[in-house]
Amino acid sequence: MANSQSDAQEAVLVGTVDISAAGNGTRMLLGDLDGDGRMEMVLKQPDGGIDDRYVPHEVQCLTAFDLEGNQLWQVGTPDPEVRGSGADMPAQIWDIDGDGNLEVVCVMQDQFRILDGKTGALKQAYDLPDPDAHDCIVSCNLTGGDHAQDVILKNRYRKMWAMDKNFDVLWTHEGNPGHFPWPHDFDGDGRDEILAGYDMLDHDGKKLWSCLPLDDHADCIYVGNADGDPEGPAHIVIGGSVTVMYDAQGNELWRYHGSKESQHVAMGCFRSDSDEIQIAGLDRIERGRNGIDGMFLLSSKGEELWKENRTSRGWLTIIDTLSNWDGTGQDHILAYRRRGGLLPGLYDGYGNRVVNFSVDGYVVYADLLGHGRQDVIVYTDEKASIFSSEMCDVSVSISGRPLPQNKRLSHATLYPGGEYPEV
């Protein structure tokens, strides 16, 4: 398996944006806030009032920029003492009220707030159901409407609260919900079931089934049809103490024991010479300041296809599936926060780095301009670097139409789960 950055194709840098006005320790959300056919960037800074970086944080400040670097609005004041958080930051972008325009929702100052995506103006605010209900925000459809207007909030590891569009509590769940519960309509009744860590919940909060005994908690959840039929029944892949696959009825299909801590999983057809769906994973082999991690790839049946043998140290890699980087429709494994001298990159299903990004940082991706392929933004506290597979003008919308906010963008998390194919 090749780790060499020199062997990879260089992604094209098409723009840079000064985002330092958003403050330190931010993470980025993407959405077409003004409907102009181009994505905008929203930087969320956590509050600095809690010393433990893994305890849930509220949002201290939100700052919106366009792709040319113009600051569109800012809500809150950046705190120069903030250094970030190892947990999720409770803010998302989606059309929560169904008016055809995107809102930015967040937990700020002990309230769940709905902001106008264009201006940042406050549209609605609700009291939280519990002081600790702000580890993350999950949009879902629990009540059977024509789009997702319901909300799930949770504390770090023990309890969830489900609210309807009026923020009335529908139900609560106590258990082991993992980092980011995943909503999906598994039974086709027009309402989402919720995979809350190792528990499958019906839309009304009733527990349908639980995974066989698994240690610790669910770090990452991916949903998709491993047989390659997008119309077929969904399979569920969970990363945590081990990597497991379940069907929607709660039957365990396989369990992979070849990793110590499967922190991230991702589904995709990563090999261009095969139509088989594979499962990519990230194993935290040794934790700690001088720790080490490694990627691995499994077949749809849970068989190990390859495993990375890193020659540099680094244990905080994040991986995800990135489809259609260059317009060919090919799936790649996106890997970033690699450390040890490894910059963010795209890998194929044989472990070869095929695309290299020339700067380091956190990564978000989307079709930024409506040109039918994925673009990548690598960002630090000071700068966002915009990359594409070929030169393009970030000031011009290719489609000329408002860009859809797909499910992955409206369910942003530090522990990227998802659905395959992407919805």
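Residues are numbered from 1 along each chain as its sequence is written, and side-chain values use heavy atoms, with hydrogens and water left out. As the model is a prediction, local features need pLDDT of at least 70 and side-chain atom pairs count only at pLDDT 80 or more, while totals for chains, interfaces and linings use all residues.

Me: Why is Phe167 called buried?
Reply: Buried means under 20% relative accessible area, exposed over 50% and partly exposed in between, with a 1.4 Å probe and protein chains only. Phe167 has 9%, so it is buried.

Me: Which peptide bond is called cis?
Reply: That's the one from Tyr420 to Pro421, where omega is near 0 degrees. Most peptide bonds are trans. Pro421 lies in the segment after β34 (418-420).

Me: How many cavities of 30 Å³ or more are there, in a search of the whole structure?
Reply: Three. On a 1 Å grid over the protein atoms alone, a cavity is a set of points where a 1.4 Å probe fits but cannot get out; a pocket is an open set with protein on both sides within 12 Å along at least five of seven lines; lining residues have an atom within 4 Å of a point. Points are joined across faces, edges and corners, and a volume is the space filled by probe spheres set on them.

Me: What lines the largest cavity?
Reply: The largest cavity has a volume of about 390 Å³. It has 24 lining residues, and Met28, Val363, Val364, Ala412 and Thr413 are the closest to its centre. The lining divides into 16 nonpolar, three polar and five charged residues. Here Ala, Val, Leu, Ile, Met, Phe, Trp, Tyr, Cys and Pro count as nonpolar, Asp, Glu, Lys and Arg as charged, and the others, Gly among them, as polar.

Me: Which residues are closest to the centre of the second largest cavity?
Reply: The volume there is about 100 Å³. Of its 14 lining residues, Tyr222, Arg408, Gly418, Glu419 and Glu422 are the closest to the centre. β27, α1 and β34 each supply at least two residues of that lining.

Me: How do you know that Cys220 is in no disulfide?
Reply: A disulfide is a pair of cysteine sulfur atoms within 2.5 Å, and a search of the whole structure finds zero. For Cys220, the nearest cysteine sulfur, that of Cys136, is 13 Å away. Cys220 is also buried, given its 2% relative accessibility.

Terms used. Helix = DSSP H or I, 4+ residues; strand = E, 2+ residues; numbered from the N terminus.
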